[in-house]
Amino acid sequence: MGTVETDAARRFADIVGATGLLTGDQIGPDYAHDEALVGTPVLPGYVARPENAEQVAALLAAATAAKIPVTARGSGTGMSAGARPCPGGLLISFERMAAILEIDTENQVAVVQPGVTLADLDAATADVGLMYTVFPGELSASVGGNVGTNAGGMRAVKYGVTRHNVLGLQAALPTGELIRTGGRITKLSTGYDLTQLIIGSEGTCALATEVTVRLYPRLGHSATLLAPFPDLPAIMRAVPSVVRSGVDPVILEYVDKLTLAAISYSQNLNLGIPDEVRETAEAHLVVGVENRDRERLDGDVTMLGELLGELGALDVYVLEGNSAHALIEAREKAFWTAKAAGAHDVIDVVVPRASMHRFLTAAQELAQGAGAGVVGCGHAGDGNVHLAVFCADDEVRHRLLHDIFAAAMDLGGAISGEHGLGRVKTEHFLELEDPAKIALMRRIKEAFDPAGILNPGVLL
């Protein structure tokens, strides 16, 4: 280890203590990657495990002085390599900042450290009849990771994504300062909304050290409807009617035939669909509803069942209890199913809801032209399409993804709806986005991070 590295290690250790810093062989392989399917893991030069916000701020100030790149890590469940460190860089792991600081039932908020997992927060809020509604499909994910990527999930159709559910932050700047943005308030018309600017910035502007999240009442009754349709266009035509029905679904998902078969097999899921229906259906619509009152829920289920039948569903299956939970859990694990099936990448393009069929048709045609395959599912309620891409040739896959992303943007969409750009999709973003917007983003980044140490290679 050279002099510069030795000085940096000594400074970092002074901040977090000897047991709070890992170097060399102490750094395990988990710190080298997240769940992105593309790219090679990279071991950082240092892993710091701070215990409080002041230590995070001091680490950033020291890294800025030494010009050492910094990457933040929550649970490492991201899918775009946004938590993959830089060679020789500093990885700040929030594993020791995982406390639920307060659950404020009067204001219906929780104040948590960034390392808190969704599973822990869900358990704590259940005790008081409340819930944090962002469920991106992996309960081991951290709240800080949610903030970094503006995570969404299946329940976003009703409750929105992270930026709709985070009211305030404490954040550490690369200059070593700590700031507070927002708070326990639901309205803000005082200056720039820095909370919203930091959310979704993927650790390139500031690192959240405390998060104030909105909580909602936990409703006691729920049901899930599974409606097979003859083709995807029929589902896309049905979705606006379901949204306009007034039922306010908490989940509104489409799953194509191959994906449903794969998740049913991998999760040993028996949905009771007759063979003749399963063979005829090319796609399925999953509708989740909830209510505080059992009779009202039953009324909503009956109305939705009749509506889906009128809209062309081959049949409608009402799932409750264990079977409903099993289907939703299997859908949430679609990424792991795709990974096990040998997918070479997973993307999460978002388009206007009414354009989903046009986009999916274009994506299939592009894949066929490239000799590749795409299968998937997605959030039909908000236009977020998740596709598993099967294409072993890196160059061919890169061109294919570029063309798929361009097709989405031509329809008024974006490259990522909830996974973020990370290190995997940034190149496509820079090639396809308006140069004036990129230049503005660079100026914003420089204002937050003049030394350019925070997650270089991500977004910009």
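**View 1. A cavity and its lining.** On a 1 Å grid over the protein atoms alone, a cavity is a set of points where a 1.4 Å probe fits but cannot get out, and its lining residues have an atom within 4 Å of a point. The model shown here is predicted: local features need pLDDT of at least 70, side-chain atom pairs count only at pLDDT 80 or more, and totals for chains, interfaces and linings use all residues. Residues are numbered from 1 along each chain as its sequence is written, and side-chain values use heavy atoms, with hydrogens and water left out. The structure holds 1 cavity of 30 Å³ or more. For the largest cavity, the volume is about 30 Å³, where a volume is the space filled by probe spheres set on the points, joined across faces, edges and corners. Around the largest cavity you will find Leu118, Leu121, Asp122, Tyr132, Val134 and Phe135. That lining has 5 nonpolar, no polar and 1 charged residues (Ala, Val, Leu, Ile, Met, Phe, Trp, Tyr, Cys and Pro count as nonpolar, Asp, Glu, Lys and Arg as charged, and the others, Gly among them, as polar).

**View 2. An open sheet of 5 strands, in the order 5-6-10-8-9.** Strands here are DSSP runs (E, at least two residues), as are helices (H or I, at least four), numbered from the N terminus; two strands pair if DSSP finds at least two bridges between them. The pairing in this sheet is antiparallel. Strand 5 (100–104) and strand 9 (178–182) stand at the edges with a single partner strand each, so one side of each has no neighbour in the sheet. On average, neighbouring strands of this sheet are turned by 15 degrees against each other, direction ignored.

**View 3. Strand 6, strand 10 and helix 3.** Strand 6 (residues 109–112) pairs with strand 10 (residues 207–214) in the antiparallel sense over 4 bridges. Look for alanine 110, whose bridge partner in strand 10 is valine 213. Helix 3 (residues 118–126) lies across strand 5, strand 6 and strand 10, at about 35 degrees to strand 5 (contact means heavy atoms within 4.5 Å; axes are lines fitted to C-alpha atoms, for helices over the stretch in contact, and angles run from 0 to 180 degrees between N-to-C directions).

**View 4. An open sheet of 7 strands, in the order 15-12-14-13-17-18-16.** Here too, the pairing is antiparallel. Strand 12 (residues 221–229) and strand 15 pair over 3 bridges, and leucine 226 stands opposite tyrosine 317 in strand 15.

Key: 1 Å grid on protein atoms, 1.4 Å probe; cavity = no way out; pocket = protein on both sides within 12 Å on 5 of 7 lines; lining within 4 Å.
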